[in-house]
Amino acid sequence: MLRSAKSKDSKSTWKVQQLQSVSQFGEMLPFVNFCTANYVVLDEKLFPYQFNAIPSKTHGDNHVTLVEDIYRRRQPLPSMDAIYFIQPTKENVVMFLSDMAGKSPLYRKAFVFFSSPIAKELVNYIKRDSSVLSRIGALREMNLEFFAIDSQGFITDNERALEELYGDEEGSRKGDLCLNVMANRIATVFASLREFPLVRYRSAKSLDPTTMTTFRDLIPTKLAAGVWNSLTKYKSTLPHFPQTETCELLIVDRSVDQIAPIIHEWTYDAMCHDMLNMDGNKYVHEVPGKAGGPPEKKDVLLEDHDPIWLELRHAHIAYTSERLHEKMTNFVSKNKAAQMHQGSRDGGQLSTRDLQKMVQALPQYSEQIEKLSLHVDIAGKLNRIIRESSLKEIGQLEQDLVFGDAGTKELINFLRVHQDVTRENKLRLLMIYAAVHPEKLESDKLSKLMELARLPQDDMNAVYNMRLLEGSTDNKKSSLGPFSLKFDVHKKKHAARKDRTGEAATWQLSRFYPMIEELVEKLSKGELPKNDYPCMNDPSPTFHGTSQSASIQANQVPAPHSMRSRRTATWARPRNSDDGYSSDSVLRHASSDFKKMGQRIFVFIVGGATRSELRACHKLSTKLKREVVLGSSSIDDPPQFITKLKLLTADELSLDDLQI
């Protein structure tokens, strides 16, 4: 992390120390998107005091007066210091010099942090202006061009990657540029964490020697090469960067699993983002108005600082609802003031309105009640949507299609009987059907199904554009591919998933799992086929603390040994807290629970990751005793992903035109 240190040459100097998690900078500076960092931060006390501990989420508590875009017209504030978070481009350097040069600079002193390595010629360009040099308090490379979405997840903020890489046009210039940017941003993750990965990627396949490999087939290969090139530069230039492998990186693209971005995921986190029209992690919550006035809208963030969210985000919605009811009941039974306010009520279940009244009547309990009220309100909305939209029936058919227990006949019957199903849900059913049966994209059966569903043309485009993400369909393909076949002794089943042995589903509709769960498990066990997932760099003899054994020679990676102490993922730890705020609260343990863990596994998905894949990484961290970190070009909820699919062959349309 960034820390200040006294020196003889200046009042304070700055340096970058090793991060412990991908979310560390996001926790400290929640208002900065490091992927596209072009900011000026004005600070009334200057920052060095702040980076020794994680500050509050609000600007004011960080003594941050203002955050501005470097390209906007800004008011001169010559009595204040400024911190520049900028990308090392010539345009940004010119803008910085114009701010600080001459007799009347915009700010008193500038502390400049570049998001990735800066070219020597640009450094020399800065040095040539003597009037600016005396006003520079720091000039540092942060190697930080990623955005943390979670303690174990990051994105490179390439929102148009799907369009630029998988669009109908085969021109690769735009695609190569996108991959280069993405590769540099991924490399900064490893530079920041001081990790040097063994890089593996999904290889291109062709049906036969006469089939030409396309640009889309080579996307993981090209990205792996770009990441490796950046890492080799860090290896030779960055102080204290590891010289041998310390972790593993697996690069795949969206073709590895077309179903995960579309299917209904039944966990609390995924359902909130799928159905509540959230803006990122921001949810608009209605609270009672003051003095009996109309309800007021309040923006709340569903993030790790909320212990109830941290406990329940990866739980099934049915369990979430039960747990919230338990928390409400226990809160009332343990708080005499709440019981007094309840008055003549019989001690039974409290409604959301009752809890909101308590907030006004019992200010000493306001924080606890507000959090409970918030999540009761959210869970109530989700359960209403599930009931009113027949989502259980839709979810059952989705999973039956994926596991081969339903086919064309069952889909036709459903569409005929449930004509009131929303347009979006019918579209998602047909997209899952197309993913399980890619051969139907070339027949008229799919078009007849879409006529039966009464879908408009742009929805049909989303289904047909799935062929651009198909990947390989040859018979020799590994069973890890997205369209593997499952056979029964008596009946042939066309399925995209096989039931996991030894993992009984506790809750209804929790049968589905994203494909990366299987891939990461096989990678950790050394069972991922090297023909399908080759290494960009051969493992060093000391990788995993062992010599190059027969398992490596047999195209397998040996099981890892623990190399360092690292914070254990806390999401799956059993919780005994009844209110989310007792002495057993999740957050009280989050920073103090350490144990030996094996080397990290990073998996990067080109074309957008999903909430289910993020959940799988948290689950696998506990199961494998290795921290699994998910990276992607973006994180997409189903409506976002479908809109992006429509754009692949709809260049003349805008995002606003295609929202479903």
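How many helices and strands are there in the chain? The chain holds 24 helices and 18 strands. The model is a predicted one. Of the 660 residues of the chain, 55% count as buried. Contacts were also sorted by distance along the sequence. Among contacts with a separation of 6 or more, 75% join residues 24 or more positions apart.

The nonpolar cores come next. The largest nonpolar core has 112 residues. Within this core, Leu165, Leu223 and Ile251 touch the most other members. Helix H6, residues 173-193, gives the most to this core, with 10 residues. A second core is separate and has 22 residues. Its members include Ile155, Val252, Ile516 and Leu624.

Which residues does isoleucine 251 touch, leaving aside those up to four places away in sequence? Its partners include Val199, Arg200, Tyr201 and Arg202. Pro220, Leu223, Ala224 and Val227 are also touched by isoleucine 251. Phe604 and Val606 complete the list.

Helix H19 spans residues 515-525 and is mostly covered. Nine of its 11 residues are buried. The buried set comprises Met515, Ile516, Glu517, Glu518, Leu519, Val520, Glu521, Leu523 and Ser524. Ile516 of this set is also a member of the second core. Just after H19, glycine 526 takes a positive phi of about 75°.

Positive phi values also occur in residues other than glycine. Arginine 194 has a phi near 55°. Arginine 194 lies in the loop between H6 and strand E10, residues 197-201. Is arginine 194 buried or exposed? Its relative accessible area is 15%, so arginine 194 is buried. Asparagine 277 has a phi near 50°, again positive. Its place is in the loop between helix H8 (268-275) and strand E12 (282-287). Asparagine 277 has 76% relative accessibility and therefore counts as exposed.

Two helix pairs were examined. The axes of helix H16 (residues 423-436) and helix H23 (residues 638-647) come within 12 Å. These axes cross at roughly 70°. Because of this angle, H16 is roughly perpendicular to H23. The crossing of H16 past H23 is left-handed. On the H16 side, Arg423, Glu424, Leu427, Arg428 and Met431 make the contact. On the H23 side, they meet Pro638, Pro639, Ile642, Leu645 and Lys646. By class, the residues of this contact are six nonpolar, no polar and four charged.

The other pair is helix H15 (residues 408-417) and helix H17 (residues 445-453). Their axes come within 9 Å and cross at roughly 20°. H15 is therefore roughly parallel to H17. H15 passes H17 in a left-handed crossing. Thr408, Leu411, Ile412, Leu415 and Arg416 of H15 make the contact with Lys445, Leu449, Leu452 and Ala453 of H17. Six nonpolar, one polar and two charged residues form the contact of H15 with H17. An α-helix has 3.6 residues a turn, so residues three or four places apart point the same way.

Methods: Residues are numbered from 1 along each chain as its sequence is written. This is a predicted model: local features need pLDDT of at least 70, side-chain atom pairs count only at pLDDT 80 or more; totals for chains, interfaces and linings use all residues. Side-chain values use heavy atoms; hydrogens and water are left out. A nonpolar core is a set of buried Ala, Val, Leu, Ile, Met, Phe, Trp, Tyr and Cys residues joined through side-chain atoms within 4.5 Å. Buried means under 20% relative accessible area, exposed over 50%, partly exposed in between (1.4 Å probe, protein chains only). Helices (H or I, at least four residues) and strands (E, at least two) are DSSP runs, numbered from the N terminus. Contact means heavy atoms within 4.5 Å. Axes are lines fitted to C-alpha atoms, for helices over the stretch in contact, and angles run from 0 to 180 degrees between N-to-C directions. Angles under 35 degrees count as roughly parallel, over 145 as roughly antiparallel, 65 to 115 as roughly perpendicular and the rest as oblique. A crossing is left-handed if the near helix is turned anticlockwise from the far one by less than a right angle, and right-handed if clockwise. Ala, Val, Leu, Ile, Met, Phe, Trp, Tyr, Cys and Pro count as nonpolar, Asp, Glu, Lys and Arg as charged, and the others, Gly among them, as polar.
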